[in-house]
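Reader: Could you walk me through reading helices and how they pack?

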Amino acid sequence: MVDALLALVATLGALAATGLLISRANKDRLLYLIAWSFTQVGLSLALLCASVGFLAGFNGVLFRVMELGAALIGPVWLALGMIELIARYVQVRFAGWLFAVSYTVVATVILVLDPLKGSLTKSLPKPGKTYDALPLLLIDGAHVVAVLALAACTGVTAWLASKRDQEAAELLIPVALVALAGVLVVSGTRGFLPAPLAVIALGAAAGLVYYGAMRTIPVYDDEEGYDGRDEYGDGYREEPATGYEEQGYVGSRREPVSAPTPPPPPSHDPRRGELRFPEPVPMQSEDLGFSVNPGGNPAGPTAVDGFGAGRGAAGAAGGLVPEQARPAGPPPGGLGRLAGACGQITVYTLLDGREDAFDRLATDLVKAALAAEPDTVIFACHEVVGAPTQRIFYQLFRDEAAFAAHRKQPHLQRFLAESRTHVLATNVIELRLGPAKVPLPAPEFPGR
């Protein structure tokens, strides 16, 4: 009776954790949460069958469901979720999914169809005395692979955290908790523990999986009714914008800038959801990089290919390449040299709470691109007004060769690999600048 009571309590806790995790996985659509949801379902079914078995006696159906849920699906899909969370190479994640799905299908067929031996009572059945050699071999294989994968992921996360990888440091505790859950699942299904301890181990594993999963994503009290308040309290109020808060950055974090007190904001901001740039300032002819002849024709561009990127507010805010990054002197062809320019706009939709981590990676990428790629015309990252989880990269390169070289740069590959866990979705727009789109200075006419 005590075993049945413990199993019932563990079942209720596992079912609650499973429902919450499935709800979160359905909302965020993260693959590792989906994999861990399968683990939770398997553990809940196993505990439910154990409760019924302790009360009414075990039979073949209850035993098979217990083994499928806790001994096979539980550890395999727990390890798969860990790989999906930690691995930074798509090949590793794909191999994990391929193995988990194929192994689960094959082992399920064998565990369901293989005949049982011995008699079942109200005592917790031991797999070694109920299954033949092949099902036991498949279960042992699942446990070995799961333990090795969990240990490897935990070790890699700890090693990266020791190298001051902030993302790994944030994930270290959740990863350790999920790895401990894997140990409890394997221990509770091997048949070595007494029935009460086995039930407690499986129930604790379900709780650790849920808690560890919630530690990998932000949790808000009222996500649907979010109205500008953040997790620091209800006293937060959105301050009126001065036009400088959301401008693109080119390699450093924004610092507070003193500005005159703006007029009260209108009740409805028509620009919400659009990029916000600083108000343009009047530029003299030298800011454009041209010296104008009396006849009105430009004598030719100065440094930075006619853009004057190192001068004035336009170059600093737009993310143009600094003047010192270019060789001095007018390039051949002037502005017409940009007729073959190309690039892309990439829109990133970030996970809630991952904005700062993504911005750090974006800052490093912009710095590296501007320093190491001399044929970069514009490389900037912008925030979106009214959409705090969106970032927009605007990249323009001198020609196709420069764009192709950029895609092979190690700093870009590192950014793509490390930013993956912060990004919910991306949208890429390819750009190509034609000759008719090259900006030219307007001629001056007498009498104006």
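Predicted model: local features only at pLDDT ≥ 70, side-chain atom pairs only at ≥ 80, totals over all residues.

Reader: Where does α7 bend?

Author: At Leu172, by about 40°. A proline, Pro174, follows within four residues.

Reader: And what sits at the two ends of α7?

Author: At the start, a side-chain oxygen of Asp165 comes to within 3.0 Å of the backbone nitrogen of Glu167. Just after the helix, Gly191 has a positive phi of about 85°.

Reader: On to packing. Are α1 and α8 roughly parallel or antiparallel to each other?

Author: Start with the angle: α1 (residues 2-28) and α8 (residues 195-215) pack at about 15°, with their axes 9 Å apart. Angles under 35 degrees count as roughly parallel, so α1 and α8 are roughly parallel to each other. The crossing of α1 past α8 is left-handed.

Reader: Which residues of α1 meet α8?

Author: Think in turns first: an α-helix has 3.6 residues a turn, so residues three or four places apart point the same way. Here the α1 side includes Asp3, Leu6, Ala10, Ala14, Ala17, Leu21 and Arg24. Among their partners in α8 are Val199, Gly203, Ala206 and Tyr210.

Reader: How do α10 and α12 pack?

Author: Their angle is about 170°, again with axes 9 Å apart, and they are therefore roughly antiparallel. Residues including Phe358, Leu361 and Leu365 in α10 meet His411, Leu412, Phe415 and Glu418 in α12.

Methods. Residues numbered from 1 in each chain as written. Heavy atoms only, no water. Bend = angle between axes of the 7 residues up to and from the residue. Polar contact = N/O pair within 3.5 Å; in protein donor to acceptor, adjacent residues only side chain to side chain. Axes fitted to C-alpha atoms, helices over the stretch in contact; angles between N-to-C directions. Parallel < 35°, antiparallel > 145°, perpendicular 65-115°, else oblique. Left-handed = near helix turned anticlockwise from the far one by under 90°. Contact = heavy atoms within 4.5 Å.
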